[in-house]
Amino acid sequence: MGRLIPHVRDSVRHVARLGMGVLPEFRGQGIGNQLLERAMAHAWEQGLKRLELEVFADNEVALNLYRKHGYQVEGVKRFARCLDGVYQDIVIMGQYRV
């Protein structure tokens, strides 16, 4: 599943937030790569100039995928999620096209 959520305020209408995920049984087949490529192509075709996303810091596969496609780390939210007593950081990433 992939999703682009555009911002609605005039001053940030050129920006969209990317959300995507691949079910565990389908991982490792290049589906995430295809989803990301298609979402980005669609975003640029629509005239968007910036894409942003958040990913859990321990998700190395996703981090590498996003880096491969030009996303850069812009920040980290420390202790952003607590699941079963375990805290996780969230990495904020983005890329832009002028």
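The legends below describe close-up views of a predicted model.

Residues are numbered from 1 along each chain as its sequence is written. In this predicted model, local features need pLDDT of at least 70, side-chain atom pairs count only at pLDDT 80 or more, and totals for chains, interfaces and linings use all residues, while side-chain values use heavy atoms, with hydrogens and water left out.

**View 1. The open sheet has 5 strands in the order E1-E2-E3-E5-E4, with mixed pairing.** Strands (E, at least two residues) and helices (H or I, at least four) are DSSP runs numbered from the N terminus, and two strands pair if DSSP finds at least two bridges between them. Strand E1 (2-6) and E4 stand at the edges with a single partner strand each, so one side of each has no neighbour in the sheet. On average, neighbouring strands are turned by 25° against each other, direction ignored. Axes are lines fitted to C-alpha atoms, for helices over the stretch in contact, and angles run from 0 to 180 degrees between N-to-C directions.

**View 2. Helices H1 and H2 against the strands.** Helix H1 (residues 31-45) packs on the sheet and touches E1, strand E2 (15-20), E3 and E5; contact means heavy atoms within 4.5 Å. The direction of H1 makes about 165° with that of E2. Helix H2 (residues 60-68) lies across E2, E3, E4 and E5, and runs at about 160° to E3.

**View 3. Strand E5 and its two antiparallel partners, E3 and E4.** Strand E3 (residues 50-56) pairs with strand E5 (residues 86-96) over 7 bridges, and Glu52 has Gly94 in E5 as its bridge partner. Strand E4 (residues 72-83) is joined to E5 by 8 bridges. Cys82 is bridged to Tyr87 in E5, and Val76 stands opposite Val91 in E5. The hairpin of E4 and E5 has 2 residues between the strands, and Asp84 takes a positive phi near 55° there.

**View 4. Arg50 in strand E3.** Arg50 is buried, with a relative accessible area of 18%; buried means under 20%, exposed over 50%, and partly exposed in between (1.4 Å probe, protein chains only). The side chains of Arg50 and Glu74 are joined by a polar contact of 2.7 Å. A polar contact is a pair of N or O atoms within 3.5 Å; within protein, one must be able to donate a hydrogen and the other to accept it, and residues adjacent in sequence count only if both atoms are side-chain atoms. Beyond its neighbours within four places in sequence, Arg50 is in contact with residues including His14, Trp44 and Tyr96.
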